[in-house]
Amino acid sequence: MPLSDDEEQALVNSAYDVLRRATLSFEGQTVGYAAAVGDGWLSADNYRHCFVRDFVPAALVCLADGDLSTTKGFLRTVLSVISSDCSMASHRIHKGIVPASFHVEQHEDGERLASDFGDRSIGRVAPVDALLWFVILLGIYTRVSGDRTIVEDARCRGQLEAMLRLCLEGSFEIFPTLLVPDGAFMVDRRMGVYGHPLEVQVLLLRMLRTVTVLLGDDADAGADADADEALIATARHRIDALQTYLGAEYWLDAERLSEIYRSDTEQLGRDVFNALNIHPDGIPPWLIDWLPGEGGYFVGNLGPQRIDFRFFSYGNLLAVLFGAASESQASALMQLVDRRWEDLMGVMPMKLCFPALKHGEWQLITGGDPKNRPWCYHNGGHWPMLLWAFVAAALIGGRRDLAERALESAQPSLAHALWPEYYDGRRGQLIGRYANLEQTWSAAGYLWANKLMREPRLLDMFDLQALENAMQR
Ligand code: GLC
């Protein structure tokens, strides 16, 4: 049942209230939002930090409201913490690495910023996506505001080049994708997501596209710009390779599944079909009945002899939003969601990953992590923050009806349940056992989704051509 106008307004007010109470200030200026303001069963201290990835939907809301200074304050603050010299344990933190989160400490002599590069987090995870999100958000901010002061600052340009080098650096790899350890992104716990997880690759593609526009080539950037031409050329080359690789190798539909099912293995040489040596017996039984004749999605991970066929929602939705998916792939993805609504959306859209790791597999892969029991948290739990990306992807994929359906399903529970971080259960019917309440990106995700439904033109914020124009003005 759709909400009445009054009920919807109350929900919107309640979400803004969470944002207001989550505000982090430094030296009198707003610089971000704490990840959560309410309590949870196992609430870790760092939920009072501003997480780079969590800030993104909130930034979109601020920008849509015409508030430029919050995002500017955030970007400047992140730049100031990555600029400082850091070392942790036996490692040096490379120039350009962005922390997962930062917070403001109160000391007798004043306020100080402290950040977490994975050296403080539970499980000591490397936040690879923070760098990618930072650049993407800098692009969105520059496009919306037309303000080039951050991007033209020499220190910022130096950091952007360092970030680009880090992502393009030669490693022991031959793929155009980025190799990362387990839990290096939104899924920040052991979940068998090491290697080349989809979400990181989609963010990488968008980050490379953004940074090449922001740094430009010498002619565009002016005489004082020191962007290394060769570096930009390498980035452009990588963009093409990555886009092609994602579209061909990660995309799965009934036709491709049948090709994999019948493919030869042990092929040697350059021009072979099954270059990764994927064994047909590795196709999980659930997939064969689950994948409809129409519809498709990007698989969760790909590497030598490995396709992780799990459906990871965030990576798929961002693939649509950031142009990794073609038009036909975007609409096929929406068809799949429509056909498999109970599995992927349930009562509280949207499930983070499908299916869950079960029984012995769960024990082995998560290390017996009780937060990630089957159909919980990252392991098949439902995350309302995904609504922001779902509504965007549904509108791009021409399925406004699905966006409406998702919002109608989510709305009744959200404010009533105080904006939980996630929901558990096969259909997302239970508030997550260890979920925080008043989780900022749950509230911000809803606000953005709600705005987008009223004003689909807000999608222009992501328009890279418009960013290019803003850089040339
Ligand atoms: C959890 C999530 C992570 C999020 C953080 C703060 O660790 O897995 O994606 O950034 O909470 O909300």
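**Ligand**

I looked up Q439 first: an N or O atom in the Q439 side chain sits 2.9 Å from an oxygen atom of the ligand. The protein covers 96% of the 310 Å² of accessible area that the ligand has on its own. Accessible areas here come from the Shrake-Rupley method with a 1.4 Å probe; for residues, only the protein chains shown count as cover.

I note that this is a predicted model, where local features need pLDDT of at least 70, side-chain atom pairs count only at pLDDT 80 or more, and totals for chains, interfaces and linings use all residues. Numbering runs from 1 along each chain as its sequence is written, and side-chain values use heavy atoms, with hydrogens and water left out.

I then checked two other side chains. H378 has a polar side-chain atom 2.7 Å from an oxygen atom of the ligand. For Y47, the distance from a side-chain N or O atom to a ligand oxygen is 3.3 Å.

Which residues surround the ligand? I listed A35, Y47, F51, R53, D54, M186, D188, Y377, H378, E421, Q439 and W441. A residue is near a molecule or strand if one of its heavy atoms lies within 4 Å of it. By class, the shell has six nonpolar, two polar and four charged residues. Ala, Val, Leu, Ile, Met, Phe, Trp, Tyr, Cys and Pro count as nonpolar, Asp, Glu, Lys and Arg as charged, and the others, Gly among them, as polar.

**Helix α17**

I turned to α17, residues 400–414. Helices (H or I, at least four residues) and strands (E, at least two) are DSSP runs, numbered from the N terminus. The expected span of a helix is 1.5 Å times one less than its number of residues. For the 15 residues of α17 that gives 21 Å, and the end C-alpha atoms are 21 Å apart, which agrees.

Its buried residues are L402, A403, A406, L407, A410, Q411 and L414. Buried means under 20% relative accessible area, exposed over 50%, partly exposed in between (1.4 Å probe, protein chains only). The cover over the buried residues of α17 includes α1, α13, α14, α16, β14 and α18.

**P384**

I found P384 in the loop between α15 and α16. P384 counts as buried because its relative accessibility is 0%. L414 is one of the residues P384 touches, along with M348, P349, P420, E421, Y422, Y423 and S442, not counting residues up to four places away in sequence. Contact means heavy atoms within 4.5 Å. M350 is 34 residues from P384 in sequence, and their C-alpha atoms are 6.2 Å apart.

**Helix α12**

How many of the nine residues of α12 (313–321) are buried? I counted nine of the nine, so α12 is largely enclosed by the rest of the structure. Its cover includes α4, α7, β9, β12, α13 and α16. After α12 comes G323, with a positive phi near 75°.

I placed R256 in helix α10, residues 254–261. At 15% relative accessibility, R256 counts as buried. Its side chain makes a polar contact of 3.5 Å with that of E249. A polar contact is a pair of N or O atoms within 3.5 Å; within protein, one must be able to donate a hydrogen and the other to accept it, and residues adjacent in sequence count only if both atoms are side-chain atoms.

Is D6 buried or exposed? D6, in helix α1, counts as exposed at 65% relative accessibility.
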